[in-house]
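User: I have a model to go through and would like the local details in plain words. Can we take it piece by piece?

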Amino acid sequence: MNAVEPSAEPSASWDAPYDTFSKKWNYYPRDVIPMWVADMDMPHAQVIIEAVMRRITENRIGYPGQGGKHLAETLVARLSERHGLHGLPAENAVFMSCVPGLHATARALTAPGDAIVVQTPLYGPFLDAISTARLQRQDNPLVPGPNGYEIDFDHLETVITPATKVLMVCNPHNPTGRVWRRAELERLADVVLRHRLWLVSDELHNELVFDGPYIPFASLSTELAMRTITLTGPAKTFNTAGLSTGITISHSAALISRVRAITHGLVSGCPNVLSEAAWLAAIATPEGDAWHQSTLADLRANRDQLTAFLHDHAPRVAYHPSEGTYLAWLDVRAYDWGKEKPGDFLLEHARVGLSDGLGYSPTGAGHVRLNFATTRPVLDEALNRLKPFLA
Ligand SMILES: Cc1ncc(COP(=O)(O)O)c(C=O)c1O
(Lines give C-alpha, C1' and ligand atoms only; values in the text may rest on other atoms or scores of the structure.)
Protein backbone atom coordinates (compact mmCIF):
# COMPACT_ATOMS: atom_id res chain seq x y z
CA MET A 1 0.00 0.00 0.00
CA ASN A 2 1.18 3.48 -0.79
CA ALA A 3 1.45 5.92 2.08
CA VAL A 4 0.56 9.53 1.42
CA GLU A 5 -0.11 12.73 3.19
CA PRO A 6 -3.78 13.39 3.71
CA SER A 7 -6.24 15.12 1.69
CA ALA A 8 -6.73 18.23 -0.23
CA GLU A 9 -9.87 19.04 -2.20
CA PRO A 10 -9.75 18.11 -5.89
CA SER A 11 -8.69 20.86 -8.23
CA ALA A 12 -11.60 22.47 -10.05
CA SER A 13 -9.84 22.05 -13.38
CA TRP A 14 -10.57 18.37 -13.86
CA ASP A 15 -13.71 16.39 -13.74
CA ALA A 16 -13.39 13.89 -10.88
CA PRO A 17 -16.15 11.27 -10.88
CA TYR A 18 -15.72 11.20 -7.12
CA ASP A 19 -18.13 8.77 -5.59
CA THR A 20 -18.50 7.85 -1.95
CA PHE A 21 -19.18 4.20 -2.74
CA SER A 22 -16.26 3.66 -5.04
CA LYS A 23 -13.21 1.79 -3.76
CA LYS A 24 -11.18 3.27 -6.56
CA TRP A 25 -12.06 6.87 -5.74
CA ASN A 26 -11.87 6.57 -1.97
CA TYR A 27 -8.56 4.85 -1.50
CA TYR A 28 -6.38 7.92 -1.96
CA PRO A 29 -6.82 11.51 -0.77
CA ARG A 30 -9.18 13.48 -2.96
CA ASP A 31 -6.49 15.41 -4.82
CA VAL A 32 -5.06 12.15 -6.21
CA ILE A 33 -6.25 10.77 -9.55
CA PRO A 34 -6.79 7.05 -8.93
CA MET A 35 -5.67 4.83 -11.80
CA TRP A 36 -5.21 1.63 -9.86
CA VAL A 37 -7.96 -0.95 -9.17
CA ALA A 38 -9.62 -2.36 -12.31
CA ASP A 39 -12.89 -0.46 -12.26
CA MET A 40 -14.03 1.79 -15.08
CA ASP A 41 -15.18 5.36 -14.51
CA MET A 42 -17.62 5.17 -17.42
CA PRO A 43 -21.33 5.22 -16.51
CA HIS A 44 -22.97 1.80 -16.25
CA ALA A 45 -25.19 0.58 -19.08
CA GLN A 46 -28.71 1.87 -18.58
CA VAL A 47 -30.11 -1.51 -19.58
CA ILE A 48 -28.24 -3.11 -16.68
CA ILE A 49 -29.48 -0.55 -14.20
CA GLU A 50 -33.07 -1.03 -15.37
CA ALA A 51 -32.85 -4.81 -15.24
CA VAL A 52 -31.60 -4.72 -11.66
CA MET A 53 -34.31 -2.24 -10.68
CA ARG A 54 -36.96 -4.37 -12.35
CA ARG A 55 -35.93 -7.45 -10.37
CA ILE A 56 -36.50 -5.44 -7.22
CA THR A 57 -39.72 -3.67 -8.16
CA GLU A 58 -41.22 -6.90 -9.49
CA ASN A 59 -40.63 -8.41 -6.08
CA ARG A 60 -38.32 -11.15 -7.38
CA ILE A 61 -35.39 -11.22 -5.02
CA GLY A 62 -36.14 -14.41 -3.12
CA TYR A 63 -34.27 -17.69 -3.69
CA PRO A 64 -34.08 -18.10 -7.45
CA GLY A 65 -36.01 -21.02 -8.98
CA GLN A 66 -33.54 -21.94 -11.69
CA GLY A 67 -30.18 -21.47 -10.01
CA GLY A 68 -28.74 -19.60 -12.98
CA LYS A 69 -29.68 -22.18 -15.63
CA HIS A 70 -30.94 -19.63 -18.16
CA LEU A 71 -27.93 -17.39 -17.57
CA ALA A 72 -25.49 -20.28 -18.02
CA GLU A 73 -27.23 -21.33 -21.24
CA THR A 74 -27.21 -17.77 -22.57
CA LEU A 75 -23.54 -17.36 -21.76
CA VAL A 76 -22.56 -20.70 -23.26
CA ALA A 77 -24.42 -19.77 -26.46
CA ARG A 78 -22.59 -16.43 -26.62
CA LEU A 79 -19.19 -18.08 -26.10
CA SER A 80 -20.00 -20.51 -28.88
CA GLU A 81 -21.42 -18.01 -31.39
CA ARG A 82 -18.97 -15.19 -30.83
CA HIS A 83 -15.80 -16.89 -29.73
CA GLY A 84 -15.89 -20.43 -31.13
CA LEU A 85 -16.04 -22.16 -27.76
CA HIS A 86 -18.37 -25.01 -28.61
CA GLY A 87 -19.88 -27.86 -26.65
CA LEU A 88 -19.56 -26.33 -23.19
CA PRO A 89 -22.28 -27.95 -21.06
CA ALA A 90 -24.21 -25.21 -19.25
CA GLU A 91 -24.75 -27.52 -16.28
CA ASN A 92 -20.99 -27.80 -15.64
CA ALA A 93 -20.96 -24.39 -14.01
CA VAL A 94 -20.40 -22.95 -10.56
CA PHE A 95 -21.33 -19.29 -10.24
CA MET A 96 -18.86 -17.30 -8.19
CA SER A 97 -16.68 -14.34 -9.02
CA CYS A 98 -13.25 -15.01 -10.44
CA VAL A 99 -11.07 -14.57 -7.37
CA PRO A 100 -12.93 -17.26 -5.42
CA GLY A 101 -12.75 -19.26 -8.66
CA LEU A 102 -8.95 -19.00 -8.63
CA HIS A 103 -8.76 -20.14 -5.02
CA ALA A 104 -11.26 -22.95 -5.53
CA THR A 105 -9.60 -24.32 -8.66
CA ALA A 106 -6.11 -24.11 -7.14
CA ARG A 107 -7.31 -26.29 -4.28
CA ALA A 108 -9.58 -28.59 -6.28
CA LEU A 109 -6.87 -29.65 -8.73
CA THR A 110 -3.95 -30.20 -6.36
CA ALA A 111 -2.81 -32.10 -3.29
CA PRO A 112 -0.44 -30.83 -0.57
CA GLY A 113 3.08 -30.34 -1.93
CA ASP A 114 1.95 -29.86 -5.52
CA ALA A 115 2.98 -26.92 -7.67
CA ILE A 116 1.22 -24.50 -9.99
CA VAL A 117 3.04 -22.77 -12.82
CA VAL A 118 2.22 -19.19 -13.85
CA GLN A 119 3.50 -16.57 -16.28
CA THR A 120 4.59 -13.53 -14.30
CA PRO A 121 4.02 -10.64 -13.74
CA LEU A 122 0.47 -11.64 -12.94
CA TYR A 123 -2.67 -10.30 -11.24
CA GLY A 124 -1.92 -10.68 -7.52
CA PRO A 125 -4.85 -12.93 -6.51
CA PHE A 126 -3.43 -15.74 -8.66
CA LEU A 127 -0.29 -15.62 -6.52
CA ASP A 128 -2.38 -15.37 -3.38
CA ALA A 129 -4.53 -18.36 -4.39
CA ILE A 130 -1.40 -20.48 -4.74
CA SER A 131 0.24 -19.35 -1.51
CA THR A 132 -2.87 -19.55 0.68
CA ALA A 133 -3.43 -23.09 -0.58
CA ARG A 134 0.18 -23.76 0.55
CA LEU A 135 1.23 -24.87 -2.88
CA GLN A 136 4.55 -24.28 -4.59
CA ARG A 137 4.52 -21.49 -7.11
CA GLN A 138 6.62 -21.90 -10.22
CA ASP A 139 7.17 -18.62 -12.04
CA ASN A 140 7.90 -18.48 -15.71
CA PRO A 141 8.59 -14.76 -16.24
CA LEU A 142 7.30 -13.20 -19.45
CA VAL A 143 9.98 -11.67 -21.62
CA PRO A 144 9.64 -8.40 -23.52
CA GLY A 145 9.67 -8.97 -27.27
CA PRO A 146 9.34 -6.57 -30.19
CA ASN A 147 5.53 -6.79 -30.06
CA GLY A 148 4.96 -7.06 -26.34
CA TYR A 149 5.52 -9.56 -23.59
CA GLU A 150 6.06 -13.13 -24.73
CA ILE A 151 5.96 -16.52 -23.07
CA ASP A 152 9.40 -18.05 -22.65
CA PHE A 153 8.59 -21.60 -23.71
CA ASP A 154 12.13 -22.91 -23.23
CA HIS A 155 12.22 -21.64 -19.68
CA LEU A 156 8.74 -23.04 -19.05
CA GLU A 157 10.04 -26.56 -19.72
CA THR A 158 12.77 -26.06 -17.13
CA VAL A 159 10.34 -24.77 -14.49
CA ILE A 160 7.92 -27.70 -14.66
CA THR A 161 8.69 -30.59 -12.30
CA PRO A 162 6.86 -33.79 -11.37
CA ALA A 163 5.15 -31.73 -8.64
CA THR A 164 3.55 -29.43 -11.22
CA LYS A 165 -0.13 -30.21 -11.55
CA VAL A 166 -1.69 -27.01 -12.89
CA LEU A 167 -0.90 -24.28 -15.37
CA MET A 168 -2.76 -21.07 -14.60
CA VAL A 169 -3.20 -18.60 -17.42
CA CYS A 170 -4.69 -15.14 -17.68
CA ASN A 171 -6.09 -14.26 -21.13
CA PRO A 172 -6.29 -11.33 -21.80
CA HIS A 173 -3.38 -10.89 -19.47
CA ASN A 174 -3.51 -8.65 -16.42
CA PRO A 175 -1.24 -6.65 -16.06
CA THR A 176 0.50 -6.61 -19.47
CA GLY A 177 -2.63 -6.33 -21.62
CA ARG A 178 -1.44 -9.14 -23.91
CA VAL A 179 -4.11 -11.15 -25.74
CA TRP A 180 -2.51 -14.52 -26.40
CA ARG A 181 -2.41 -15.51 -30.06
CA ARG A 182 -3.48 -18.91 -31.33
CA ALA A 183 0.12 -20.04 -31.87
CA GLU A 184 1.00 -19.13 -28.27
CA LEU A 185 -2.06 -20.90 -26.89
CA GLU A 186 -1.31 -23.97 -28.98
CA ARG A 187 2.21 -24.16 -27.58
CA LEU A 188 0.84 -23.84 -24.06
CA ALA A 189 -1.73 -26.53 -24.85
CA ASP A 190 1.06 -28.80 -25.99
CA VAL A 191 2.82 -28.27 -22.65
CA VAL A 192 -0.38 -29.02 -20.74
CA LEU A 193 -1.03 -32.23 -22.65
CA ARG A 194 2.57 -33.51 -22.61
CA HIS A 195 2.95 -32.94 -18.88
CA ARG A 196 -0.62 -34.09 -18.08
CA LEU A 197 -1.39 -30.81 -16.31
CA TRP A 198 -4.75 -29.22 -15.54
CA LEU A 199 -5.34 -25.82 -17.05
CA VAL A 200 -7.09 -22.93 -15.28
CA SER A 201 -7.75 -20.07 -17.66
CA ASP A 202 -8.94 -16.76 -16.23
CA GLU A 203 -10.69 -15.09 -19.15
CA LEU A 204 -12.42 -12.33 -17.22
CA HIS A 205 -11.28 -9.59 -19.62
CA ASN A 206 -12.35 -11.66 -22.64
CA GLU A 207 -14.54 -9.06 -24.31
CA LEU A 208 -12.18 -6.15 -23.75
CA VAL A 209 -10.01 -6.81 -26.76
CA PHE A 210 -8.65 -4.24 -29.23
CA ASP A 211 -6.16 -6.33 -31.17
CA GLY A 212 -7.44 -9.85 -31.09
CA PRO A 213 -9.15 -12.07 -31.53
CA TYR A 214 -9.81 -13.45 -28.07
CA ILE A 215 -9.48 -17.22 -28.35
CA PRO A 216 -10.91 -19.20 -25.43
CA PHE A 217 -8.32 -21.73 -24.34
CA ALA A 218 -10.86 -24.52 -24.14
CA SER A 219 -11.76 -23.99 -27.81
CA LEU A 220 -8.42 -25.39 -29.04
CA SER A 221 -9.30 -29.09 -28.89
CA THR A 222 -11.62 -31.51 -27.12
CA GLU A 223 -8.68 -33.16 -25.41
CA LEU A 224 -7.54 -29.84 -23.99
CA ALA A 225 -11.08 -28.77 -23.11
CA MET A 226 -11.42 -31.85 -20.90
CA ARG A 227 -8.39 -30.69 -18.90
CA THR A 228 -9.47 -27.03 -18.69
CA ILE A 229 -11.51 -24.94 -16.28
CA THR A 230 -12.42 -21.48 -17.55
CA LEU A 231 -13.25 -18.53 -15.32
CA THR A 232 -15.06 -15.51 -16.67
CA GLY A 233 -17.77 -13.03 -15.81
CA PRO A 234 -19.25 -9.61 -16.55
CA ALA A 235 -17.19 -7.70 -13.97
CA LYS A 236 -14.64 -6.20 -16.35
CA THR A 237 -16.40 -6.06 -19.72
CA PHE A 238 -19.60 -4.62 -18.26
CA ASN A 239 -18.05 -2.91 -15.24
CA THR A 240 -20.16 -4.70 -12.65
CA ALA A 241 -17.45 -5.78 -10.20
CA GLY A 242 -19.53 -4.64 -7.22
CA LEU A 243 -22.21 -7.18 -8.12
CA SER A 244 -19.59 -9.81 -7.50
CA THR A 245 -20.45 -12.58 -9.89
CA GLY A 246 -18.73 -14.80 -12.38
CA ILE A 247 -18.66 -18.36 -13.62
CA THR A 248 -16.30 -21.32 -13.26
CA ILE A 249 -17.10 -23.71 -16.07
CA SER A 250 -15.62 -26.73 -17.82
CA HIS A 251 -16.34 -29.32 -20.49
CA SER A 252 -15.38 -31.85 -17.84
CA ALA A 253 -18.08 -32.72 -15.30
CA ALA A 254 -15.40 -34.45 -13.23
CA LEU A 255 -13.33 -31.27 -12.89
CA ILE A 256 -16.38 -29.23 -11.94
CA SER A 257 -17.43 -31.76 -9.35
CA ARG A 258 -13.98 -31.32 -7.76
CA VAL A 259 -14.62 -27.58 -7.63
CA ARG A 260 -18.07 -28.17 -6.15
CA ALA A 261 -16.59 -30.39 -3.46
CA ILE A 262 -14.18 -27.61 -2.43
CA THR A 263 -16.80 -24.86 -2.45
CA HIS A 264 -19.60 -26.91 -0.91
CA GLY A 265 -21.25 -24.92 1.87
CA LEU A 266 -18.99 -21.91 1.23
CA VAL A 267 -20.47 -20.47 -1.93
CA SER A 268 -23.98 -21.06 -3.20
CA GLY A 269 -22.79 -21.71 -6.73
CA CYS A 270 -25.88 -19.87 -8.03
CA PRO A 271 -25.76 -16.29 -9.23
CA ASN A 272 -27.02 -13.61 -6.90
CA VAL A 273 -30.39 -12.58 -8.39
CA LEU A 274 -29.38 -8.95 -9.00
CA SER A 275 -26.12 -9.91 -10.64
CA GLU A 276 -27.99 -12.47 -12.72
CA ALA A 277 -30.37 -9.77 -13.95
CA ALA A 278 -27.46 -7.47 -14.72
CA TRP A 279 -25.46 -10.11 -16.57
CA LEU A 280 -28.42 -11.22 -18.67
CA ALA A 281 -29.20 -7.61 -19.59
CA ALA A 282 -25.57 -7.15 -20.57
CA ILE A 283 -25.25 -10.18 -22.84
CA ALA A 284 -28.75 -10.75 -24.16
CA THR A 285 -29.98 -7.31 -25.23
CA PRO A 286 -29.09 -5.02 -28.14
CA GLU A 287 -28.64 -2.19 -25.63
CA GLY A 288 -26.04 -4.22 -23.75
CA ASP A 289 -24.24 -4.78 -27.02
CA ALA A 290 -24.37 -1.12 -27.97
CA TRP A 291 -22.94 -0.09 -24.60
CA HIS A 292 -20.20 -2.65 -24.96
CA GLN A 293 -19.24 -1.47 -28.45
CA SER A 294 -19.16 2.19 -27.51
CA THR A 295 -17.23 1.55 -24.29
CA LEU A 296 -14.72 -0.52 -26.20
CA ALA A 297 -14.28 2.34 -28.68
CA ASP A 298 -13.69 4.78 -25.79
CA LEU A 299 -11.17 2.44 -24.21
CA ARG A 300 -9.35 2.00 -27.50
CA ALA A 301 -9.20 5.79 -27.91
CA ASN A 302 -7.77 6.08 -24.38
CA ARG A 303 -5.26 3.35 -25.11
CA ASP A 304 -4.19 5.16 -28.26
CA GLN A 305 -3.97 8.49 -26.46
CA LEU A 306 -1.78 6.95 -23.78
CA THR A 307 0.41 5.28 -26.40
CA ALA A 308 0.90 8.55 -28.30
CA PHE A 309 1.60 10.41 -25.07
CA LEU A 310 4.24 7.93 -23.95
CA HIS A 311 5.82 7.96 -27.39
CA ASP A 312 6.00 11.76 -27.46
CA HIS A 313 6.74 12.59 -23.84
CA ALA A 314 8.18 9.56 -22.10
CA PRO A 315 10.90 8.03 -24.26
CA ARG A 316 12.42 6.17 -21.33
CA VAL A 317 9.25 4.27 -20.43
CA ALA A 318 9.27 0.78 -21.93
CA TYR A 319 5.69 0.04 -22.92
CA HIS A 320 3.83 -2.10 -25.43
CA PRO A 321 0.31 -0.93 -26.26
CA SER A 322 -2.24 -3.13 -24.52
CA GLU A 323 -4.02 -5.49 -26.92
CA GLY A 324 -6.83 -5.97 -24.45
CA THR A 325 -7.98 -4.99 -20.93
CA TYR A 326 -7.84 -1.33 -19.91
CA LEU A 327 -4.54 -1.77 -18.12
CA ALA A 328 -1.14 -0.56 -19.25
CA TRP A 329 2.07 -2.04 -17.87
CA LEU A 330 4.84 0.53 -17.77
CA ASP A 331 8.48 -0.35 -17.22
CA VAL A 332 9.90 2.75 -15.52
CA ARG A 333 13.19 1.30 -14.32
CA ALA A 334 15.06 3.91 -16.34
CA TYR A 335 13.95 6.61 -13.92
CA ASP A 336 15.56 7.24 -10.62
CA TRP A 337 12.43 6.99 -8.49
CA GLY A 338 13.34 4.17 -6.20
CA LYS A 339 13.76 0.89 -8.00
CA GLU A 340 11.27 -1.07 -5.98
CA LYS A 341 8.13 1.05 -5.81
CA PRO A 342 8.02 3.81 -8.39
CA GLY A 343 4.28 4.12 -7.78
CA ASP A 344 5.03 5.68 -4.39
CA PHE A 345 7.13 8.35 -6.07
CA LEU A 346 4.45 9.20 -8.63
CA LEU A 347 1.80 9.26 -5.96
CA GLU A 348 3.73 11.67 -3.82
CA HIS A 349 4.95 13.97 -6.59
CA ALA A 350 2.45 13.69 -9.45
CA ARG A 351 -0.61 12.90 -7.31
CA VAL A 352 -1.57 10.01 -9.57
CA GLY A 353 -2.34 6.65 -7.92
CA LEU A 354 -0.97 3.72 -9.92
CA SER A 355 -0.47 0.08 -8.90
CA ASP A 356 3.11 -0.76 -8.03
CA GLY A 357 4.46 -3.66 -10.05
CA LEU A 358 5.77 -5.61 -7.08
CA GLY A 359 2.23 -6.77 -6.35
CA TYR A 360 2.44 -8.81 -9.58
CA SER A 361 5.57 -10.83 -8.66
CA PRO A 362 9.19 -9.86 -7.94
CA THR A 363 9.78 -9.23 -11.65
CA GLY A 364 7.25 -6.40 -11.38
CA ALA A 365 9.71 -4.26 -9.39
CA GLY A 366 10.29 -0.97 -11.17
CA HIS A 367 7.00 -1.21 -13.08
CA VAL A 368 3.62 0.38 -12.60
CA ARG A 369 0.17 -0.62 -13.86
CA LEU A 370 -2.01 2.21 -15.11
CA ASN A 371 -5.78 1.84 -15.48
CA PHE A 372 -6.86 3.99 -18.43
CA ALA A 373 -10.62 3.29 -18.16
CA THR A 374 -11.58 6.80 -17.30
CA THR A 375 -13.12 9.87 -18.85
CA ARG A 376 -11.19 12.03 -21.28
CA PRO A 377 -10.79 15.01 -18.87
CA VAL A 378 -9.44 12.74 -16.14
CA LEU A 379 -7.03 11.00 -18.50
CA ASP A 380 -5.84 14.37 -19.84
CA GLU A 381 -5.26 15.67 -16.34
CA ALA A 382 -3.43 12.52 -15.22
CA LEU A 383 -1.12 12.59 -18.23
CA ASN A 384 -0.44 16.29 -17.67
CA ARG A 385 0.52 15.56 -14.10
CA LEU A 386 2.85 12.71 -15.10
CA LYS A 387 4.48 14.60 -17.97
CA PRO A 388 7.17 16.57 -16.11
CA PHE A 389 8.36 13.42 -14.33
CA LEU A 390 8.50 11.28 -17.46
CA ALA A 391 10.41 13.70 -19.65
C1 LIG B 1 -7.66 -11.29 -14.42
C2 LIG B 1 -8.61 -10.97 -13.31
N3 LIG B 1 -9.21 -11.96 -12.66
C4 LIG B 1 -10.06 -11.73 -11.65
C5 LIG B 1 -10.34 -10.44 -11.24
C6 LIG B 1 -11.32 -10.20 -10.14
O7 LIG B 1 -12.43 -10.98 -10.38
P8 LIG B 1 -13.76 -10.93 -9.55
O9 LIG B 1 -14.06 -9.50 -9.21
O10 LIG B 1 -14.75 -11.54 -10.50
O11 LIG B 1 -13.54 -11.78 -8.35
C12 LIG B 1 -9.73 -9.36 -11.87
C13 LIG B 1 -9.98 -7.99 -11.43
O14 LIG B 1 -9.36 -7.06 -11.83
C15 LIG B 1 -8.84 -9.64 -12.93
O16 LIG B 1 -8.23 -8.65 -13.59
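**Loops, strands and ligand**

User: Where is Thr 325 found?
Analyst: Thr 325 is in the loop between α11 (286-313) and β11 (327-331). Helices here are DSSP runs of H or I with at least four residues, strands are runs of E with at least two, and both are numbered from the N terminus.

User: What are the ground rules on numbering and confidence?
Analyst: Residues are numbered from 1 along each chain as its sequence is written. The model is predicted, so local features need pLDDT of at least 70 and side-chain atom pairs count only at pLDDT 80 or more, while totals for chains, interfaces and linings use all residues; side-chain values use heavy atoms, without hydrogens or water.

User: Back to Thr 325. What is its phi?
Analyst: Phi of Thr 325 is about 65°, which is positive although the residue is not a glycine.

User: Buried or exposed, that Thr 325?
Analyst: Thr 325 is buried, because its relative accessible area is 0%. Buried means under 20%, exposed means over 50%, and partly exposed is in between, with a 1.4 Å probe and protein chains only.

User: And Arg 196, what about its phi?
Analyst: Arg 196 is not a glycine either, and its phi is positive, near 55°. Arg 196 sits in the loop between α7 (182-194) and β8.

User: Why does Arg 196 count as exposed?
Analyst: Because its relative accessibility is 52%.

User: Which peptide bond ending at Pro 121 is cis?
Analyst: The bond from Thr 120 to Pro 121 is cis, with omega near 0°. Pro 121 belongs to the loop between β3 and α5 (124-132).

User: Which residues does the cis bond with omega of about 5° join?
Analyst: That cis bond links Gly 212 and Pro 213. Pro 213 lies in the loop between β8 (198-202) and α8 (222-225).

User: Now β3. Where in it is Val 118, by residue range?
Analyst: Val 118 is in strand β3, which covers residues 115-120. Val 118 is buried, because its relative accessible area is 0%.

User: How many residues apart along the chain are Val 118 and Leu 167?
Analyst: They are 49 residues apart along the chain, with their C-alpha atoms separated by 6.2 Å.

User: Switching to a helix. Which one has Thr 105?
Analyst: Thr 105 is in helix α4, residues 98-108. Thr 105 counts as buried because its relative accessibility is 0%.

User: What does the side chain of Thr 105 reach?
Analyst: The side chain of Thr 105 reaches the backbone oxygen of Leu 102 at 3.2 Å.

User: Last topic, the ligand. Which residues surround it?
Analyst: Ala 38, Ser 97, Cys 98, Val 99, Tyr 123, Cys 170, Asn 174, Asp 202, Leu 204, His 205 and Lys 236 surround the ligand. For this a residue needs a heavy atom within 4 Å.

User: What distances do the N and O atoms give for Asp 202, and for His 205?
Analyst: A side-chain N or O atom of Asp 202 is 2.6 Å from a ligand nitrogen atom. For His 205, a polar side-chain atom lies 2.7 Å from a ligand oxygen atom.

User: And Lys 236?
Analyst: An N or O atom in the side chain of Lys 236 is 3.0 Å from an oxygen atom of the ligand.

User: How much of the ligand does the protein cover?
Analyst: The protein covers 91% of the 390 Å² of accessible area that the ligand has on its own. Accessible areas are from the Shrake-Rupley method with a 1.4 Å probe.

Methods
A polar contact is a pair of N or O atoms within 3.5 Å; within protein, one must be able to donate a hydrogen and the other to accept it, and residues adjacent in sequence count only if both atoms are side-chain atoms.
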